[in-house]
Amino acid sequence: MVSKLAFVPMRLGPLTLKNRFIKAATFEGVMPRGQVTDALVDFHTEVARGGAAMTTVAYCAISPGGRVHRDTVVLDNDRVPQLRRLTDAVHAAGALVCAQIGHAGLVANTLSNQTATLAPSTRLSAPAMGLVRAATPDQLEAVVDDFGAAARNAVEAGFDAIEIHMGHGYLLSSFFSPSLNKRRDSYGGDTTRRAELARRVAERVRRTAGPSVAITAKFNMDDGVRRGFWLTDSLPTARLLQSDGHLDALQLTGGSSLQNPMYYFRGDVPLDEFIASQPRAVGLGLRVIGRRMFRSYPFEEAFFLPLARQFRAALSMPLILLGGINRLDTVEGALAEGFEFVAMARALLRDPHLVNSFHRGAATEGLCVHCMKCMPTVYTGTHCVVRQYSSV
């Protein structure tokens with residue numbers, strides 16, 4: 001099959017991507033105490049050599065309190081030289097590189113971080129292992145400043161693009177949610193006020209990063225929970241972000257690491273592997289409540305496409321389609337429908353060289369079997385458990 005669109009270069013803000021394939025943010029699990037390791041550099045240079053136009057480093061916290069846990073990179077001044085080594089290596093391998101930045105909010109493990117986290121409204125959080133207090137206006141001003149500082153450091157470290165994390169129940173995503181955000185000030189209430197923090201962050205990141213860096217956002221279409229952020233809120237919020245003009249593209253996602261993580265993974269729940277990867281006490285708890293925490297959704301190719309079409313119909317800005325993309329004909333179909341790029345995660349864990357295989361005509365479909373057993377490997381270095389038995 002000769003591709004018509006997938007290997008046609010395309011602009012993303014100030015950048016030109018050599019093809020339409022972006023490696024989606026996947027927590028790499030190889031940053032002990034937030035250090036940039038050889039393993040992290042190797043993870044992304046392999047994707048670059050494999051043909052993707054851009055790879056995304058995930059996840060870079062804007063502050064110590066914004067980490068998911070202690071083994072998360074904080075994009076501070078101290079990390080700039082370490083990350084410059086990574087960006088230089090990716091560029092030498094032929095790809096561009098994006099930094100995903102954000103604040104984990106209710107998803108942060110405060111016990112691991114040894115510091116408090118933030119929420120739009122006071123509530124219990126299982127990842128935080130306790131009560132998280134509503135952020136004060138002064139704390140939210142500091143969050144906006146921290147996003148700006150992280151953007152400045154990303155530019156200094158040589159990143160070509162910055163992806164603002166506005167999904168999956170992280171801090172900005174939680175402010176969008178009518179079920180998590182019960183505030184009565186300028187950051188809560190109707191759809192527009194609940195979008196205020198994210199809009200301010202996007203403006204600050206754009207102003208700080210300048211015109212030479214692409215700015216995108218990972219944006220929830222649907223939280224996958226009752227009374228959560230859904231199309232009736234997410235479509236008008238996306239229109240607000242488009243009208244502000246600070247973002248070069250939206251990468252469309254869904255689900256919540258806090259409340260419904262399998263909604264954005266899909267496939268079998270690897271509960272036994274999760275239990276084995278945890279300390280004994282946590283593993284015992286998962287045996288009791290794991291099936292309620294991890295709902296099962298059957299895998300479908302391009303499972304977010306029906307929702308994403310609503311955004312394509314409503315918006316003129318570039319959109320990046322995400323979610324279970326494993327086939328070249330899926331990519332071609334999405335591009336023909338008007339999506340500018342596709343983002344792939346599991347397919348490139350299974351075979352980082354899949355894009356080159358597509359380009360050569362050596363493959364039309366990836367080898368991923370959607371077993372989801374890669375999920376628990378985030379604690380030891382994210383990888384496909386099947387790949388180690390093949391020559392790929």
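**Close-up 1. Contact between helices α1 and α2 in a predicted model.** In α1, the residues D38, L40, V41, H44, T45 and A48 meet R85, L86, A89 and V90 of α2. The residues of this contact divide into 6 nonpolar, 2 polar and 2 charged. The structure shown here and in the other views is a predicted model.

**Close-up 2. Geometry of the α1 and α2 pair.** Two packed helices are described by the angle between their axes and the distance between the axes. Helix α1 covers residues 38-49 and helix α2 covers residues 80-92. They pack at an angle of about 25°, and their axes are 9 Å apart. Angles under 35 degrees count as roughly parallel, and α1 and α2 are therefore roughly parallel to each other. The crossing in which α1 passes α2 is right-handed.

**Close-up 3. Helix α12 and its surroundings.** Helix α12 spans residues 328-336. Its buried residues are L328, T330, V331, E332, A334 and L335. After α12 comes G338, which has a positive phi near 110°.

**Close-up 4. Residue N19 in a loop.** N19 lies in the loop between β2 (15-17) and β3. Buried means under 20% relative accessible area; N19 has 2% relative accessibility and so counts as buried. The N19 side chain reaches the backbone nitrogen of F21 at 3.0 Å. Leaving aside residues up to four places away in sequence, N19 touches A6, F7, V8, G51, A52, A53, F341 and V355.

Conventions. Residues numbered from 1 in each chain as written. Predicted model: local features only at pLDDT ≥ 70, side-chain atom pairs only at ≥ 80, totals over all residues. Heavy atoms only, no water. Axes fitted to C-alpha atoms, helices over the stretch in contact; angles between N-to-C directions. Helix = DSSP H or I, 4+ residues; strand = E, 2+ residues; numbered from the N terminus. Parallel < 35°, antiparallel > 145°, perpendicular 65-115°, else oblique. Left-handed = near helix turned anticlockwise from the far one by under 90°. Contact = heavy atoms within 4.5 Å. Nonpolar A, V, L, I, M, F, W, Y, C, P; charged D, E, K, R; others polar. Buried < 20%, exposed > 50% of the residue type's maximum accessible area, 1.4 Å probe, protein only. Polar contact = N/O pair within 3.5 Å; in protein donor to acceptor, adjacent residues only side chain to side chain.
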